[in-house]
Amino acid sequence: MNAAIIFILLIVLMLTGMPISISLGLTVLTFLFTMTNVPIESVALKLFTGIEKFEIMAIPFFILAGNFLTHGGVAKRMIRFATSMIGHWHGGLGLAAVMACALFAAISGSSPATVVAIGSVILPAMVKQGFPAKFGAGIVTTSGALGILIPPSIAMVMYSVSTGTSVGSLFIAGVIPGISLAILLGITTWWIARKNDYPRLPKASWRERWTAFRESIWGLLLIVVVMGGIYSGKFTPTEAAAMAAVYAFVVAVFVYKDLPIKRVAKVLLDSASMSAMLLYIITNAMLFSFLMTSEQIPQVMADWMIMQGFGPLVFLLVVNILLLIAGNVMEPSSIILIMAPILFPVAMKLGIDPIHFGILIVVNMEIGMCHPPVGLNLYVASGITKMGITELTVAVWPWLLTMLGFLVVVTYWPPLSTWLPHVLMR
Amino acid sequence: MINRFLNHLEEWIIATLMASATVVIFLAVLHRFLSGVPYIQDYAVKLHVSWAQELCIFMFVWMAKFGAAYGVRTGIHVGVDVILRKLTGKSKTALVLFGLLAGATFTGIVGTLGSNFVWEMSHTDQTSSDLELPMWIAYLCLPLGSFLMSFRFLQVAVNFYKTGKLPHHDHGHVEGLEDVYANDLVAETPSIAGARK
């Protein structure tokens, strides 16, 4: 009964369009004021202690690192590298767009920024070469979301924060699914391009490739700094994130020289406000999950599930559907912070691997960003391509189907996500 | 005038905290590595940086509280807008105002709770574990940040009522795209310039 009241209140408040963090906080306050005698002072304490963990501080550092390198110049370098490597295959620039999106998204960490950065450069070039506009739009919209699966990923840190799973293991677990999905999107592109005989590029010389590689490597090394540092045990994830931020600063200002030193303050300010927004959601989500736990809602749900005889198979199906629906209206961080603390205990009771469950959630988030009617990537893509949402919905269809197929594989074949971390993190 | 000063102070505080926290952790990691290098380590071990983590946490918590207030002013806090998109005219105005006032109320309540909490804390001699900073000072960001945020919500609400405009944050904004056009990509990359078909 209480659970129903909490959820209805939360949903009603959210639907008014107020910030998600505020609706979470108000739900908790209303509930505590009217229905329980939990001391209200504990709320104030929670609002400070909710984010008083060093692990959470990886988020601002990753955002800062990403923002230093979220620049048109970096996008251009990634595109040049990708075209020189695979531009001569079927799909040409389109295929290169998939690869460039994957690389840029991994570094910048922001899906909408990837869509804009790669899209604004490569889409006009594709149209010029005679690709239909919707082909490029479909590629960029879907591939732009790859960033949250390829580490370093903020969505994974969020999952780790709300469930206590190791960030390092999650990052390593994301590698194989991330690359597989990029390849699958590439194959979809290749196949459509081959069928329609879209233009290809002449094969680049090894010299050209080397130049392009040398230009893009500085950005890509960011991933190496993070993954290498965490895997070798030299850094904790938060330290790795801070080192990545310093590295990104050096590359952006002194190596690439994209960022004049006087713009650094602006990058700092933007990153700080983006991080503050996420930290504010985390604080309020912590408050909300504190309420959930004190009302024993995950517990009751788990028992009910087991009593109904639901196995992992049905549970995961329900989780997928739930997350895809949520992905329609909310951005990934909020969904993970609200849903994970509720679903995770149930998953554990059913014997699902925490890392597998995390990757599954992240893949869902990725699809949520680009599926109609309200994926954020669709909106951003609609802005740069001047195509309507309905038109784009049709355009993303082939890639979206690929992603959904991949989701089924991720859901029902756990080794895809758990094999690498189990081998490496023993 | 006061408002302009407050805006600058807010921006200055959060950007500085962001930068300093990064530098602090960078130095702490550097220190750890230097402690393993012969000769240098003799000097390095004399310095203690065990407080670095705690300092970083405090800086980011302060940044989060003030940054959240700044975020209200720039419209970065996202909500579920499926219904708002469908509405027009008076009902839309009413719903937006309701959301903003709810924000002001919530942050106002939290600010009040926070002040009480800090007040009680200041009568104890609790300090943080590494920095030995009195805890009430660390917690001070809670009332300060929350009241500032409440004020920002009211400001945005008044402004919206008067002009019908809401601050909007563009999540897809990327620097450095003005000068990048398809043309120079094609011109600079020989392999694209000579594309067949």
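The model is predicted, so to speak in its own terms: local features need pLDDT of at least 70, side-chain atom pairs count only at pLDDT 80 or more, and totals for chains, interfaces and linings use all residues. Residues are numbered from 1 along each chain as its sequence is written, chains are lettered from A and ligands numbered from 1 in the order in which they are written, and side-chain values use heavy atoms, with hydrogens and water left out.

Let's start with the interface. Here 73 residues of chain B touch 82 residues of chain A, where contact means heavy atoms within 4.5 Å. Together the two chains bury about 7000 Å², with 76% of that on carbon and sulfur atoms; buried area is the accessible area (1.4 Å probe) lost by two parts on being put together, summed over both.

Five residue pairs make polar contacts across the interface, both residues at pLDDT 80 or more. A polar contact is a pair of N or O atoms within 3.5 Å; within protein, one must be able to donate a hydrogen and the other to accept it, and residues adjacent in sequence count only if both atoms are side-chain atoms. On the chain B side that touches chain A, the residues split into 48 nonpolar, 16 polar and nine charged. Nonpolar here means Ala, Val, Leu, Ile, Met, Phe, Trp, Tyr, Cys and Pro, charged means Asp, Glu, Lys and Arg, and the others, Gly among them, are polar.

| Salt bridge | N to O distance |
|---|---|
| B:Glu175 – A:Arg263 | 2.7 Å |
| A:Arg77 – A:Asp258 | 3.0 Å |

A:Arg77 sits in helix 5 (residues 72–86) of chain A and A:Asp258 in the loop between helix 12 (237–255) and helix 13 (264–294), so this pair ties together parts 181 residues apart in sequence. Helices are DSSP runs (H or I, at least four residues), numbered from the N terminus.

Now for the backbone. A:Pro151 and A:Pro152 are joined by a cis peptide bond, with omega about -5 degrees; A:Pro152 belongs to the loop between helix 8 (133–143) and helix 9 (154–163) of chain A. A:Asp197 is not a glycine, yet has a positive phi of about 55 degrees.

How values were computed. Salt bridge = Lys/Arg side-chain N within 4 Å of Asp/Glu carboxyl O. Helix = DSSP H or I, 4+ residues; strand = E, 2+ residues; numbered from the N terminus.
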